[in-house]
Amino acid sequence: LAHQDSMGNGSTIRPGEVQRMSAGTGVTHSEFNGSRTDPVHFLQIWLLPARRGLAPGYEQKRFPDEERRGRLRLLASPDGAEGSVTVHQDARLFAALLGEGEVVTHPLAPGRHAWVQVVRGEVEAGGERLAAGDGAAVSDEPSLSLRGVADAEVLLFDLA
């Protein structure tokens, strides 16, 4: 996915990479398929910032498959923990690559919620089977476990 913006950033976002762009007080941007022959598949996720008036910002990082295989890898957080991109909200985004039968578990602190988004493959969450494109909200649970049913890529949002 090719990206251009009025802050002077221009890049290509490849599989395994995360781009964080904050429009803040104003920016123009475009994303488009940079290939004339290969299809592009991406998720554009919007999180409203905790406060208004932030300066525009841009960040892009690569998270290799081996860092996500069979475990939840932090991709985005309010403080850039563990090399994640920084978001201006009380939210944490994790990603995992799960093979058949692999399980990852994420604890949820009291009052927090989770959103699961299946990018590809199939997972089981709380006894429910989810396939590519499916999402599920979880609240009032002490933890969330995800089990790979078929090779899967999944995103887990830990939200206030």
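How many salt bridges does the count come to? In this predicted model, the count comes to 12 salt bridges. Side chains of opposite charge can pair when their charged atoms come close.

**Salt bridges between strands and loops**

| Pair | N to O distance |
|---|---|
| Arg-20 and Glu-59 | 2.9 Å |
| Asp-158 and Arg-112 | 2.4 Å |
| Glu-124 and Arg-147 | 3.4 Å |

A salt bridge joins the side chains of Arg-20 and Glu-59. This pair links distant parts of the chain, with Arg-20 in strand E3 (residues 17–22) and Glu-59 in strand E5, 39 residues apart. Both Arg-20 and Glu-59 are buried.

Asp-158 pairs with Arg-112 in another salt bridge. Asp-158 belongs to strand E13, while Arg-112 sits in the loop between strand E9 (103–107) and strand E10 (113–125), so the pair ties together parts that are 46 residues apart in sequence. Asp-158 counts as buried because its relative accessibility is 6%. Arg-112 also counts as buried, at 14% relative accessibility.

The salt bridge of Glu-124 is with Arg-147. Here strand E10 holds Glu-124 and strand E13 holds Arg-147, so parts that are 23 residues apart in sequence are tied together. Glu-124 counts as partly exposed at 30% relative accessibility, and Arg-147 is partly exposed with a relative accessible area of 30%.

Salt bridges also form a network, which links Asp-65, Arg-68, Arg-69, Arg-120 and Glu-153.

**A nonpolar patch**

Leu-43, Ile-45 and Leu-47 make a nonpolar surface patch of about 240 Å². Of these residues, Leu-43 lies in the loop between strand E4 (29–32) and strand E5 (57–62). Its relative accessibility is 39%, so Leu-43 counts as partly exposed.

**Positive phi angles in loops**

Glu-82 is not a glycine, yet its phi is positive, at about 55°. Glu-82 is placed in the loop between strand E6 (73–77) and strand E7 (85–86). Is Glu-82 buried or exposed? Glu-82 counts as exposed because its relative accessibility is 60%.

Asp-140, not a glycine either, has a positive phi of about 55°. The loop that holds Asp-140 runs between strand E12 (135–139) and strand E13 (143–159). With a relative accessible area of 74%, Asp-140 is exposed.

Definitions and conventions: Residues numbered from 1 in each chain as written. Predicted model: local features only at pLDDT ≥ 70, side-chain atom pairs only at ≥ 80, totals over all residues. Heavy atoms only, no water. Helix = DSSP H or I, 4+ residues; strand = E, 2+ residues; numbered from the N terminus. Buried < 20%, exposed > 50% of the residue type's maximum accessible area, 1.4 Å probe, protein only. Patch = residues over 30% accessible without salt bridge, like charges linked within 9 Å, V, L, I, M, F, W, Y side chains within 5 Å. Areas by Shrake-Rupley, 256 points an atom, 1.4 Å probe, with all protein chains shown as cover. Salt bridge = Lys/Arg side-chain N within 4 Å of Asp/Glu carboxyl O.
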